[in-house]
Amino acid sequence: MATKLHIFLLVLTASALFNFSDAQIGAAYGRNANNLPSPADIVRLYNNNNIRRMRIYNPDQETLQALRGTNIELIIGVPNTDLQSIAGSQDAANTWVRNNIQNYGNVQFRYIAVGNEVSPIRGDTSQYVQFLLPAMQNIQNAVNGAGLGGRIRVTTAIETGLIGNSYPPQDGAFRNDVLNFITPIVQFLSRNSSPLLTNIYPYFSYIYNKAQISLPYALFTGDGVVAGGVRYQNLFYAIYDSVVAAVQRVGGGGINIVVSETGWPSAGGDTTSVDNARTYVTNLLRRVNDGTPLRPGRPIETYVFTIVDENLKNPEYERHWGVFYSNLQPKYPISFN
């Protein structure tokens with residue numbers, strides 16, 4: 001087992017290789033592993049690499065304690081498994097906000113993500129559909145009641161499988177069979193000036209559509225394609241704009257779209273390698289400040305998935321999305337100059 005001094009030295013070494021200084025960039029902190037460093041070591045890793053934003057998927061109390069007094073802005077998740085109880089009781093929502101937000105007054109909460117990738121067309125999350133919007137409403141009421149409505153935004157994270165048409169991106173539209181689900185959520189976000197979180201994975205778009213999508217296009221290294229008369233340099237921009245267009249189509253033209261997860265696995269599957277992961281993440285961090293054809297010059301708030309590998313996930317490639325190994329050693333150097 002590594003000593004605390006060893007861990008500290010690894011963090012210092014990593015900080016010499018990484019620079020997440022742009023305020024638009026964060027990293028998700030998944031915890032589906034049995035070999036993770038302590039939350040205090042993870043927070044130190046963020047601080048030493050100037051990663052100013054973090055996403056967590058549940059209100060882990062040790063992580064929240066480690067974040068006290070830091071300037072790391074946080075997306076905190078309400079797990080899907082909690083949605084039913086929170087949707088059914090304002091008191092339950094009030095208690096959740098009191099225990100996990102108000103009790104941590106010196107943690108910099110940015111968003112509360114109520115649910116993750118809840119979808120009427122996914123067998124593993126469709127059971128939560130009926131509870132998602134009521135849970136969001138109750139959490140919003142609790143946040144407002146705590147006097148935090150102007151500071152903390154309530155939202156949810158969707159997956160791009162809800163998009164029915166994505167080509168050309170400016171014609172992006174939600175699937176007809178999810179409109180009754182997503183439209184009221186977009187309306188809720190618009191009323192409350194909240195963003196929509198979306199998890200964008202060019203990796204999956206590429207490996208399932210190799211006949212139509214080139215690897216350089218997915219890795220930001222090609223010349224791009226012309227779609228609907230508009231040149232898209234990379235697949236990430238195209239997917240992002242298809243979400244922007246779909247949200248606009250259901251009345252959410254003013255909603256900011258935050259990329260709450262994106263990345264590339266370094267091992268364990270089709271087209272996975274450390275070099276591909278490095279290429280994707282490096283180029284992503286250079287490109288998110290430029291804006292897209294539908295939102296030119298507008299930086300995209302983006303969270304790299306994930307900070308360290310998670311060894312309990314399956315299949316094998318799901319274990320290798322980390323920018324760092326679980327011992328805090330970086331997989332590759334990155335320069336953001």
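**Group meeting: the protein at a glance**

Surface to begin. The protein exposes about 13300 Å², and carbon and sulfur atoms supply 46% of that area. Areas come from the Shrake-Rupley method with a 1.4 Å probe, and for residues only the protein chains shown count as cover.

A word on the source. This is a predicted model: local features need pLDDT of at least 70, side-chain atom pairs count only at pLDDT 80 or more, and totals for chains, interfaces and linings use all residues. Numbering runs from 1 along each chain as its sequence is written, and side-chain values use heavy atoms, without hydrogens and water.

Now the overall build. The C-alpha trace spans about 50 × 45 × 35 Å along its principal axes. The radius of gyration, taken over C-alpha atoms, is 19 Å. That agrees with a compact globule, because one of 337 residues would have a value near 20 Å. The rule is 2.2 Å times the number of residues to the power 0.38.

Of the 337 residues, 55% count as buried, meaning under 20% relative accessible area with a 1.4 Å probe, protein chains only. Take contacts (heavy atoms within 4.5 Å). Among those between residues at least 6 apart in sequence, 70% join residues at least 24 apart.

Next, secondary structure. There are 11 helices and 12 strands. These are DSSP runs, numbered from the N terminus: helices are H or I, at least four residues, and strands are E, at least two.

Look at strand S1, residues 25-28. Ile25 and Ala27 point one way, Gly26 and Ala28 the other, and all are buried. Which strands pair with S1? S12, residues 302-304, pairs in the parallel sense over 3 bridges. There, Ile25 has Thr302 as its bridge partner. S2, residues 53-56, also pairs in the parallel sense, over 2 bridges. In S2, Met54 partners Ala27. Pairing needs at least two DSSP bridges between the strands.

Conventions
Buried means under 20% relative accessible area, exposed over 50%, partly exposed in between (1.4 Å probe, protein chains only).
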